[in-house]
Protein chains: 4
Amino acid sequence: MNFHDNDVIPIDATPNDRDKIVREFKTALKETGLTVPMATTNLFSDPAFKDGAFTSNNPRVRAYALQKTMNAIDLGVEFGASIYVFWGGREGTEVDASQNGADSLKRFREAINFLTEYVLDNGYDLKFALEAKPNEPRGDLFLPTTGAMLAFIATLDHSEMIGVNPELAHEHMAGLNFTHAVAQAWEAGKLFHIDLNDQAFGRYDQDLRFGSYNLKSAFFLVKFLEEVGYEGSRHFDAHAYRTEDYEGVKDFARGCMRTYLILKEKAEQFHQDKEIQALLAEIHADDGKLTSITGKYSPQNAASLKRQSFDRAALGARSVPYERLDQLTVDLLLGVR
Amino acid sequence: MNFHDNDVIPIDATPNDRDKIVREFKTALKETGLTVPMATTNLFSDPAFKDGAFTSNNPRVRAYALQKTMNAIDLGVEFGASIYVFWGGREGTEVDASQNGADSLKRFREAINFLTEYVLDNGYDLKFALEAKPNEPRGDLFLPTTGAMLAFIATLDHSEMIGVNPELAHEHMAGLNFTHAVAQAWEAGKLFHIDLNDQAFGRYDQDLRFGSYNLKSAFFLVKFLEEVGYEGSRHFDAHAYRTEDYEGVKDFARGCMRTYLILKEKAEQFHQDKEIQALLAEIHADDGKLTSITGKYSPQNAASLKRQSFDRAALGARSVPYERLDQLTVDLLLGVR
Amino acid sequence: MNFHDNDVIPIDATPNDRDKIVREFKTALKETGLTVPMATTNLFSDPAFKDGAFTSNNPRVRAYALQKTMNAIDLGVEFGASIYVFWGGREGTEVDASQNGADSLKRFREAINFLTEYVLDNGYDLKFALEAKPNEPRGDLFLPTTGAMLAFIATLDHSEMIGVNPELAHEHMAGLNFTHAVAQAWEAGKLFHIDLNDQAFGRYDQDLRFGSYNLKSAFFLVKFLEEVGYEGSRHFDAHAYRTEDYEGVKDFARGCMRTYLILKEKAEQFHQDKEIQALLAEIHADDGKLTSITGKYSPQNAASLKRQSFDRAALGARSVPYERLDQLTVDLLLGVR
Amino acid sequence: MNFHDNDVIPIDATPNDRDKIVREFKTALKETGLTVPMATTNLFSDPAFKDGAFTSNNPRVRAYALQKTMNAIDLGVEFGASIYVFWGGREGTEVDASQNGADSLKRFREAINFLTEYVLDNGYDLKFALEAKPNEPRGDLFLPTTGAMLAFIATLDHSEMIGVNPELAHEHMAGLNFTHAVAQAWEAGKLFHIDLNDQAFGRYDQDLRFGSYNLKSAFFLVKFLEEVGYEGSRHFDAHAYRTEDYEGVKDFARGCMRTYLILKEKAEQFHQDKEIQALLAEIHADDGKLTSITGKYSPQNAASLKRQSFDRAALGARSVPYERLDQLTVDLLLGVR
């Protein structure tokens with residue numbers, strides 16, 4: 001299970017209460033065999049954070065957010081967490097007159113740099129995973145997409161220990177292809193965690209059951225994660241419909257896992273399907289003659305490339321059988337192959 | 001004026017035609033006093049690029065795109081350009097079954113790395129500015145936002161010579177706050193160029209006259225560019241309504257510039273407005289006591305911060321007068337202050 | 001003030017409590033001079049309505065919703081309301097497998113028909129105003145736009161007493177032009193009430209301060225309402241930012257009204273502006289020769305129209321100076337005319 | 001095949017050319033056995049219509065649009081069409097200052113009323129089907145959704161001969177549930193035609209292969225059409241990806257039909273599935289006691305309903321097993337039931 005500080009320890013718990021809860025929680029973990037792979041701080045529910053936490057315009061709020069996070073990191077490590085997620089639900093603005101977007105990023109960086117030093121100084125074995133979201137509950141959040149978050153990470157002091165926690169619903173809110181965002185994070189070595197759910201484009205944060213909105217995009221995501229060998233959590237950050245009772249919540253949780261597993265089998269089937277694979281081979285055909293020149297710059301390669309003659313019309317007229325490939329995928333998804 | 005290769009030299013021009021056009025174009029530049037600050041390659045109109053250029057699944061197309069760009073770089077430099085823009089209008093996909101998103105980024109990187117080496121090898125004084133777009137004409141483009149592009153740049157061999165060319169309309173297509181994207185680029189030292197226009201969220205690429213859709217977001221953008229001292233082009237990449245004749249196109253062009261200049265004056269007025277500035281001073285009040293601790297990590301600062309006592313309820317109840325600040329901004333925009 | 005049943009009388013009040021509250025509320029109205037022009041039922045907060053009210057799949061819930069509304073109508077009329085608003089915040093679905101969309105509309109119609117008969121039978125002087133919303137908190141609401149609601153009203157037994165209550169934010173959630181929706185309602189004689197606020201396209205329900213997101217679209221709305229002589233309430237259904245304290249909420253309320261009144265003056269200025277009016281006269285020029293034929297069908301008019309010769313190329317080449325007209329409007333809005 | 005006037009007869013054909021083409025086309029129909037169930041006018045490609053056709057601010061353009069439509073109706077009827085589709089691709093605006101939205105609707109109404117009289121006067125057996133779209137190529141179209149179009153139809157002189165032609169992609173552009181829009185049209189007796197394709201929310205008009213974006217929403221649409229017994233055309237108004245050659249276009253066309261037929265079989269399977277049907281029976285359980293009271297107003301029913309006692313908490317706590325129902329549907333779609 002994931003450790004959210006105030007889900008376990010109320011924000012107004014006394015030190016005694018806190019210690020008691022920690023003891024009981026550790027006992028419960030031991031008895032049930034449950035583990036805590038991930039921990040996080042709630043920096044969005046309390047009205048103190050109404051104008052942001054690490055990027056608040058108020059220096060006391062920023063300091064309080066930092067203190068709260070250090071304490072929650074201590075606890076998370078104590079419970080065994082190896083990933084610490086940051087979701088800055090209030091790190092944004094409705095009124096652009098109130099701040100300079102660049103300064104807000106500086107504040108955010110200062111906080112993350114401070115906390116990475118804290119982790120290193122304490123010898124904790126902990127990585128950070130930053131989660132982006134475009135808006136809601138704030139009008140605009142400062143780092144709205146996984147791409148923006150990856151760019152931000154590249155500017156941090158200890159970027160090697162910081163990756164992303166992309167969430168399907170958040171990327172879909174901006175109408176973006178989630179698998180592409182995950183691919184960029186993966187390719188940069190930054191896919192430290194992932195939040196799976198479902199969501200229609202251009203809507204409030206829906207957090208639907210995995211696969212319940214768009215089966216095809218869910219399939220390509222599963223296919224990608226399985227193909228590249230992603231070994232982190234498949235973390236379902238979703239909610240049952242408000243119509244459900246307790247049994248319904250269990251139906252919901254089972255449904256998330258069930259759909260993932262069905263799609264995983266279909267990804268395997270995709271790789272076994274001879275017609276699909278033949279089509280892919282045709283699409284990716286490469287005799288290596290040109291890639292040996294274009295793969296790496298050298299004056300000779302550049303000169304050689306400049307001398308090449310291309311039949312533009314033939315390239316324009318070539319067959320690229322994507323409709324057929326896509327229909328075969330649809331057939332496979334619908335179980336009629 | 002900006003140099004788009006095939007706008008000046010038809011894609012099927014003979015070498016003789018090409019040389020003649022180049023000579024005449026250079027003469028025209030000299031006679032009119034016009035300059036070419038920016039150049040770019042058209043890698044999207046010709047059917048050869050129907051499945052992408054640098055990321056096409058076809059190695060001949062990728063090689064042709066590279067050759068075409070080297071040639072256009074040569075010309076751009078000859079005409080005096082110091083910025084080379086890449087807009088990968090077809091670097092995307094409709095059919096995710098056809099590719100692995102991570103491999104597509106590898107191909108894109110290979111091409112940009114090749115071209116930076118080419119520029120360096122030839123001793124050209126040229127920087128690259130990459131332009132993101134979420135979709136259209138392809139279903140999904142690989143690097144859909146300015147944030148994703150900044151993250152990609154951080155992975156390139158010569159990232160120091162590569163920045164972004166954010167376009168207002170493209171960011172708005174994904175419902176994102178454009179000024180925040182520009183602020184991130186600026187703060188990372190990567191705002192090499194900018195494309196100004198206007199656009200409603202969640203629509204086809206509209207390229208409207210600057211300021212014609214949302215005056216307030218245009219104002220915050222101008223305010224940001226002027227405040228931070230951005231010195232690059234204010235490049236209007238927009239189109240007149242299809243209803244316009246030649247006079248109307250001139251009205252449109254004048255309107256872009258006029259609105260920018262009016263908003264620039266209003267940004268100055270914002271800085272002179274005593275009530276607005278007093279409110280901002282109140283919002284950003286900082287006695288420095290805590291920022292001296294939180295600004296930089298040290299074991300002492302961490303320990304000191306942990307000992308701090310915060311009145312959470314007071315922080316939650318504090319006044320943050322954004323409605324008033326925003327209304328003053330609206331009054332200023334409407335010319336009633 | 002508007003009467004929302006459970007805002008005044010808790011849903012679990014005893015009959016005695018209810019009577020006491022009603023007496024005190026009526027006294028307060030008399031003493032303050034406040035009136036209740038509009039009343040409505042809360043059919044969305046209580047978990048009983050988790051699957052809808054009038055369109056719930058559960059007949060007991062439907063019956064309870066009907067009873068609750070009859071009671072609230074009685075009270076609304078007692079307090080002097082002449083408009084009764086229906087906002088079916090839960091009349092929708094996440095799971096299309098659970099219902100047939102056509103049957104859901106039949107249930108909705110049955111309820112509204114029942115309630116209009118109830119009003120007529122009791123001799124109440126009350127009109128209904130139905131409010132559309134595309135989604136949130138449900139995945140999809142059944143009548144998602146003002147247009148859909150107008151179409152639904154045309155199928156009701158007593159459609160003459162039923163109009164719409166368009167809400168700016170709700171129409172913008174679907175990326176639609178709100179003024180056009182209001183124009184359609186007005187033109188059909190169905191603009192019984194209006195909810196003013198502001199909202200970005202493709203977002204959660206933001207309910208922002210009127211004019212705070214898009215000044216230009218707010219201007220055209222005010223201009224329309226003032227031009228056509230709309231005499232109903234200008235009802236601000238918005239919320240202050242969560243950052244505000246009590247003073248901030250008052251700033252917010254004042255801001256809504258202030259911006260409306262500024263824009264109303266600008267609408268008047270638009271009508272006085274000689275250059276704008278000359279341009280509009282040019283755009284709408286009509287010598288009446290063709291409109292006398294096309295205005296009304298007759299065999300003679302049809303024959304005459306068929307004989308007309310049109311210079312298609314000239315029509316295509318004609319000047320339609322919208323860029324200029326729009327820039328003049330922008331200048332006027334920015335206070336520089 | 002559908003008859004689009006200028007697809008068969010160039011807009012600048014001479015009367016002789018026209019007559020020749022008509023003769024040849026009729027011969028070709030006879031020889032191939034193809035029929036023309038639907039006809040329509042192109043009122044959007046020619047620059048004459050750059051500011052609209054029936055709603056243009058120019059009376060000559062409006063008259064020309066009317067004349068062109070009368071001529072195309074004559075031809076459509078000659079070729080055997082029984083449905084005439086109106087898609088007003090340019091009936092909108094970018095500049096709201098140029099018109100009053102209500103007046104534009106009056107012009108549109110005038111044109112449609114004229115044309116219905118023309119059809120009646122000529123004794124043609126022809127119905128009209130109006131098609132809505134929210135935007136593109138214009139900034140905002142006047143009747144943006146199927147709902148708005150249905151509302152407009154209710155205000156026409158001969159509304160009995162006028163229905164709608166909903167298009168999936170157009171409704172999805174506004175992020176609306178297409179099946180719900182179709183259900184409203186069907187329930188009003190106005191589903192005269194339908195345009196099937198696919199589309200992501202909040203994007204340019206994609207016109208994708210049916211079922212290629214969202215299999216689940218496509219399934220519910222097919223299920224609805226088959227359940228209610230819709231007997232009109234299943235008209236695929238879609239385009240192959242631009243990557244395709246001639247074989248690819250055929251793959252695309254086959255794919256549209258194939259996916260429809262697979263989903264039709266799955267709809268049948270849904271009706272045969274005992275577990276799904278048992279769940280639906282549970283969800284819709286109704287002993288009739290309350291529906292006999294709420295179904296139709298009478299003073300007795302109202303009084304009886306007021307006396308009913310409802311256990312609000314029990315209604316709130318009741319089981320509504322939508323997660324389970326939805327997962328069973330997902331299983332069925334994926335072919336694992």
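**Note on the predicted four-chain contacts and salt bridges**

1. C:E275 counts as partly exposed, at 33% relative accessibility. For the accessibility classes, buried means under 20% relative accessible area, exposed over 50% and partly exposed in between, with a 1.4 Å probe and protein chains only. The side chain of C:E275 meets that of C:R337 in a salt bridge, at 3.3 Å from N to O. C:E275 lies in helix 10 (residues 274-283) of chain C and C:R337 in the segment after helix 14 (322-333), so the pair ties together parts that are 62 residues apart in sequence. C:R337 is partly exposed too, with a relative accessible area of 38%.

2. Basis of the values. The model is predicted: local features need pLDDT of at least 70 and side-chain atom pairs count only at pLDDT 80 or more, while totals for chains, interfaces and linings use all residues, and side-chain values use heavy atoms, with hydrogens and water left out. Residues are numbered from 1 along each chain as its sequence is written, and chains are lettered from A and ligands numbered from 1 in the order in which they are written.

3. Salt bridges. A salt bridge here is a side-chain nitrogen of Lys or Arg within 4 Å of a carboxyl oxygen of Asp or Glu. Over all chains the structure holds 96 of these. One of them joins A:E94 to A:R138, with the closest N and O atoms 2.7 Å apart. This pair links distant parts of the chain, 44 residues apart: A:E94 is in the loop between strand 4 (92-93) and helix 4 (101-121) of chain A, and A:R138 is in the loop between strand 5 (127-131) and strand 6 (140-141). Helices (H or I, at least four residues) and strands (E, at least two) are DSSP runs, numbered from the N terminus. A:E94 is partly exposed at 23% relative accessible area, whereas A:R138 is buried at 1%.

4. A pair within one helix. A:R254 and A:D251 form a salt bridge with their closest N and O atoms 3.0 Å apart. The two residues are 3 apart in helix 9 (residues 246-272) of chain A, which means that about one helical turn separates them. A:R254 is partly exposed, at 47% relative accessibility, and A:D251 is buried, at 14%.

5. A linked set. A:R209, D:K216, D:E323 and D:D326 are joined in a network of salt bridges.

6. Interface of chains C and D. In this interface, 97 residues of chain C are in contact with 97 residues of chain D, contact being heavy atoms within 4.5 Å. The area buried between them is about 8200 Å², with 59% from carbon and sulfur atoms. C:E187, C:Y297 and C:R312 lose the most area on the chain C side, together 10% of what that side buries. Buried area is the accessible area (1.4 Å probe) that two parts lose on being put together, summed over both.

7. Polar features of that interface. The rule finds 8 salt bridges between chain C and chain D. C:E187 and D:R109 form a salt bridge, at 2.6 Å from N to O. The chain C side divides into 47 nonpolar, 25 polar and 25 charged residues. In the classes, Ala, Val, Leu, Ile, Met, Phe, Trp, Tyr, Cys and Pro are nonpolar, Asp, Glu, Lys and Arg are charged, and the others, Gly among them, are polar.

8. The same surface serves both copies, since 100% of the contact residues of chain C recur in chain D.

9. Interface of chains B and C. This contact takes 41 residues from chain B and 41 residues from chain C, and the buried area is about 3500 Å², with carbon and sulfur atoms giving 49%. The rule finds 6 salt bridges here. C:R209 and B:E323 form a salt bridge, at 2.8 Å from N to O.
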